Amino acid sequence: MARKRAAIVAAAEQAFVRDGYAGSGMESIAREAGVSIMTLYRHARTKDDLFAAVMESACHPVDMEESVKIEEVLKKPLADILLFVGVMFQERIRGAKTTNLLRVVMTEIRRFPHLGALAYDGLINAHVERLDSFLSTRAGTSGMPAERRRQIGHDFFERLVGLDDYRVLLGLPAPSEQDIRRRAELAAREAVAALERDQPVPNLHEL
């Protein structure tokens, strides 16, 4: 099932980038993926579901080597974790897959305005939710008001996006590794400071 899903997502990505959203059909994607149309529908009931899956795959690729690296990073202080996430996020949103899919959205958004929400959910909201899920289980941040904790996470990712992203979309040179790291360090520092300021005061009876 995992191999079939990977083949479906890969075929759908190629179709969307090559033919656009309007020009891509479920049956042709199934043929390119080497699966039946019924198998495709078991993985994605609609073309929107398929586009969301493609965006999810581009923004959150499954990579065993990266998974091992993440497990190691999670043992480090929060500032180091956020720095890692900040660099990784920037690399993903400016990667070839994500850039090509965003260009599809920009080309077809007048006819299919809902593509904007699908792309934003996969590109931004999914990252915010994953970070919030992690912070909700971490000592020192788990007791914060959920709305405030999520806002700090949103602000963190917002600091990682800038004019460089327009340059990439327009086919101009991407920022250097040093620029990416510098932006991630600043965003991590601001997020840690905000989280420390807003940590709940411990109950004296619990000390």
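**Entry 1: helix α1.** I looked up what covers the buried residues of α1, and the cover includes α2, α3 (37-43), α4 and α7. I note that this is a predicted model. The buried residues of α1 are Ile8, Val9, Ala11, Ala12, Glu13, Ala15 and Phe16. I recall that an α-helix has 3.6 residues a turn, so residues three or four places apart point the same way. For its length, I find 18 residues in α1 and 25 Å from the first C-alpha to the last, close to the 26 Å expected at 1.5 Å a residue. After α1 I come to glycine 20, which has a positive phi, near 80°.

**Entry 2: the nonpolar core.** I turned to the largest nonpolar core, which has 55 residues; those touching the most other members are Leu50, Phe51, Leu82, Phe156 and Phe157. At least two residues of this core come from each of α1 (2-19), α2 (26-33), α4 (47-59), α6 (78-93), α7, α8, α9 and α11 (177-197). I then examined leucine 50: leaving aside residues up to four places away in sequence, it touches Ile8, Ala12, Phe16, Met26, Ile29, Leu40 and Ala44. Ile8, Ala12 and Phe16 were already in my list of buried residues of α1.

**Entry 3: the largest pocket.** I looked up the space in the largest pocket and found about 580 Å³. The pocket is lined by 22 residues, of which Leu102, Leu123, Val161, Asp165 and Leu169 are the closest to its centre. By class, I record 15 nonpolar, 4 polar and 3 charged residues in the lining. α7 (96-108), α8 (114-135), α9 (146-158) and α10 (163-169) each supply at least two lining residues. Which helix gives the most to the lining? I find that α8 does, with 5 residues.

Technical notes
Residues are numbered from 1 along each chain as its sequence is written. This is a predicted model: local features need pLDDT of at least 70, side-chain atom pairs count only at pLDDT 80 or more; totals for chains, interfaces and linings use all residues. Side-chain values use heavy atoms; hydrogens and water are left out. On a 1 Å grid over the protein atoms alone, a cavity is a set of points where a 1.4 Å probe fits but cannot get out, and a pocket is an open set with protein on both sides within 12 Å along at least five of seven lines; lining residues have an atom within 4 Å of a point. Grid points are joined across faces, edges and corners, and a volume is the space filled by probe spheres set on the points. Helices (H or I, at least four residues) and strands (E, at least two) are DSSP runs, numbered from the N terminus. Ala, Val, Leu, Ile, Met, Phe, Trp, Tyr, Cys and Pro count as nonpolar, Asp, Glu, Lys and Arg as charged, and the others, Gly among them, as polar. A nonpolar core is a set of buried Ala, Val, Leu, Ile, Met, Phe, Trp, Tyr and Cys residues joined through side-chain atoms within 4.5 Å. Buried means under 20% relative accessible area, exposed over 50%, partly exposed in between (1.4 Å probe, protein chains only). Contact means heavy atoms within 4.5 Å. The expected span of a helix is 1.5 Å times one less than its number of residues.
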